[in-house]
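Student: I have a structure open and would like to understand the words that are used for it. Could we go through them one at a time, setting each value against its cut-off?

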Protein chains: 2
Amino acid sequence: MVANPPVAAPDTIDAFEARLVEVTPSLPKRLRQCADYIAANTDRIAVSTVAELAAGAGVPPSALMRFCQIIGFSGFSEMQRLFRDNYAQGRPDYATRLRNLREMGGGSASALLAEFVEAGRQSLEALAREVDEAALNIAIGHLAKAGLIHVAGFRRAYPVASYLAYAFEKMDIPALLHDGTGKLDHSHALRDGDALIAITFAPYSSETVALVEGAAARGVPVVAITDTAISPIAGSAAALLTVPEVDFGAFRSLSATLALAISLAVAVGTARSGDTARG
Amino acid sequence: MVANPPVAAPDTIDAFEARLVEVTPSLPKRLRQCADYIAANTDRIAVSTVAELAAGAGVPPSALMRFCQIIGFSGFSEMQRLFRDNYAQGRPDYATRLRNLREMGGGSASALLAEFVEAGRQSLEALAREVDEAALNIAIGHLAKAGLIHVAGFRRAYPVASYLAYAFEKMDIPALLHDGTGKLDHSHALRDGDALIAITFAPYSSETVALVEGAAARGVPVVAITDTAISPIAGSAAALLTVPEVDFGAFRSLSATLALAISLAVAVGTARSGDTARG
DNA sequence: GTCGACATGGAATAAATATTCCATAGCGGC
DNA sequence: GCCGCTATGGAATATTTATTCCATGTCGAC
């Protein structure tokens, strides 16, 4: 066979589909089957083997290999890589980003900004997709009927905590920000009927963990805003809200965390003013 | 090793997470790293190799294998099969999900969250489009050579200010957060060679405006992060960074402001460490 | 009907990937 | 400080999976 004209491999899903449409009409039977099956099952490419897809299409593996090459890939693996990379909605190509951060000398500040904007955007989208609505409603329930809402978050969680405290204050909801000023221990301020919102991300601050455990031990409900279900504060939480935030080493965008926090605050405000109006 | 008690391999994602939560606390260092990374990246399991995940977690592949077995799987492949099988249920794309959340109705937390997420996203996109690169570079220039960086922002700008202070601290850059604790006036701390980052939005806090004017009068360069070019601090600023933040209700998302702030901080950190290395 | 060009399937091979095993390092109890 | 345990990293091996190659089949042109 003469070498194909050097068709570049598609580097986006859109390019892939365009190429698929382009070549399909001229394909012989078996390759046509491949094209049809692949077109109808693009979502399986990332998680299947050649053998599985070939079986699904009703062709031998070698036919599928030829198909991949006709599309422009060197083989199946290259095609699969395209789909796997694109699947990682929420954190595409972490390695590239870290490199961008390191190579700031070469890049401009606005390139750096673009990276953080992108990280924030993806964090927000992931939050919308993955938010646990049930947990959110449970959290609101606890906070709406709390006497005093304690808010705790240190280090990188502190901006979130302070924003929550600000929002509660604006809405005339009794809230106390545990900020560690003067190394005072505010934990004695927790009383029956109160509630605690704790925000912490790995590496988890020991103050926050201790406060959460103290609250849980006293029966004060804890709303935990954290990164994973295995966070040390997850076990003590009455409502566990995990935030899928894209993280560059030390710096997380906080976009998703803040969006969740402010939604929570406003929902609590609404619930409370409803109660007040009614009562 | 004696055979483990026959722990059945989790057969759903939920069972997997439950098992993860159960075993994590008793895990030694390396295996804990596996658990943490896996918990934070469950979505990558289906499309990654052992080697990739192990690298992400910062452990050798054999550690990750042990981890899989502790969870109850025969090995990595079995764990991956669970995630690949569950992968098919295509996640709704962002637009669809957003619509679903919004349709939850007026006061619901989900609907609020959808609005705040969308506000944040639009703010970020607007920032990427409209950022004043020249001003950003000027700001970085001033901050990179400042002796001490003062950070001021009150009320709703305070989360941004505190995040900046945190970021600077992480990078060993001398910075002082003017937080108004104890109503002390830190303005006497401004010295020649310092710089000030001031963040304020309408209605502009008088403390911030006063601090900016004081700094400008002494020749201390001011980096202003604000909402419009007619902000009261715009006139005194050496570098004016306006952030097109979309408000929803009474609260601003801060997503764009934080993205800008963290970019600024990292750029300054890079510029400074470059100078140090060179000097 | 024969020839040639292309398509096809399957088996052989190459490559990637998972998995096991073992030597050693670290840590706690004595 | 020594002993025994567990954790660990890396290299060897097994397994799976992708890829190539070739013998055979199919179809159309003459």
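Tutor: Let us begin with chain A, in which buried residues make up 43% of the 279 residues. This is a predicted model, and chain A has 12 helices and 7 strands.

Student: What makes a residue of chain A count as one of the buried residues?

Tutor: A residue is buried if 20 or more other C-beta atoms lie within 10 Å of its own, exposed if 12 or fewer, and partly exposed in between. B:L254 has 30 C-beta neighbours inside 10 Å, and because the cut-off is 20 or more, B:L254 counts as buried.

Student: How do you know on which side of helix 4 of chain B the buried residues lie?

Tutor: The buried residues of helix 4 of chain B are B:L53, B:A54 and B:A57. They cover an arc of only 100 degrees around the axis, and therefore they lie on the same side of helix 4 of chain B. In general, an α-helix has 3.6 residues a turn, so residues three or four places apart point the same way. What covers the buried residues of helix 4 of chain B includes helix 2, helix 3 (42-45) and helix 5 of chain B, and just after helix 4 of chain B, B:G58 takes a positive phi of about 75 degrees.

Student: Which residues touch the most other members of the largest nonpolar core?

Tutor: That core has 135 residues, and A:L164, A:L196, A:V223, B:L164, B:L196 and B:V223 touch the most other members. Apart from it lies another core, of 21 residues, among them A:I230, B:L20, B:C34 and B:F73.

Student: What is B:V223 in contact with, leaving aside its neighbours within four places in sequence?

Tutor: Contact requires C-beta atoms within 7 Å, and the residues in contact with B:V223 include B:A139, B:H142, B:L143, B:L196, B:I197 and B:L241.

Student: How many residues of each chain are in contact with the other chain?

Tutor: Here 60 residues of chain A are in contact with 64 residues of chain B. The largest share of the side of chain A that touches chain B, 14 residues, comes from helix 8 of chain A. By class, that side of chain A has 37 nonpolar, 13 polar and 10 charged residues.

Student: Which residues come nearest to DNA strand C, and which are closest to DNA strand D?

Tutor: Of the 17 residues around DNA strand C, A:S62, B:T49, B:V50, B:G75 and B:F76 come nearest. DNA strand D is surrounded by 17 residues, of which the closest are A:T49, A:V50, A:G75, A:F76 and B:S62. The surface near DNA strand C divides into 10 nonpolar, 5 polar and 2 charged residues, and the surface near DNA strand D into 10 nonpolar, 5 polar and 2 charged residues.

Student: What is the peptide bond from A:A202 to A:P203 called, and where is A:P203?

Tutor: This peptide bond is cis, with omega near -5 degrees, and A:P203 has its place in the loop between strand 3 (195-200) and helix 11 (206-218) of chain A. In chain B, the peptide bond from B:A202 to B:P203 is cis, with omega near -5 degrees.

Notes
Residues are numbered from 1 along each chain as its sequence is written. Chains are lettered from A and ligands numbered from 1 in the order in which they are written. This is a predicted model: local features need pLDDT of at least 70, side-chain atom pairs count only at pLDDT 80 or more; totals for chains, interfaces and linings use all residues. A nonpolar core is a set of buried Ala, Val, Leu, Ile, Met, Phe, Trp, Tyr and Cys residues joined through C-beta atoms within 7 Å. Two residues are in contact if their C-beta atoms, placed from the backbone, lie within 7 Å. Helices (H or I, at least four residues) and strands (E, at least two) are DSSP runs, numbered from the N terminus. Ala, Val, Leu, Ile, Met, Phe, Trp, Tyr, Cys and Pro count as nonpolar, Asp, Glu, Lys and Arg as charged, and the others, Gly among them, as polar. A residue is near a molecule or strand if its C-beta atom, placed from the backbone, lies within 6 Å of it. The arc is that of the directions from the helix axis to the C-beta atoms.
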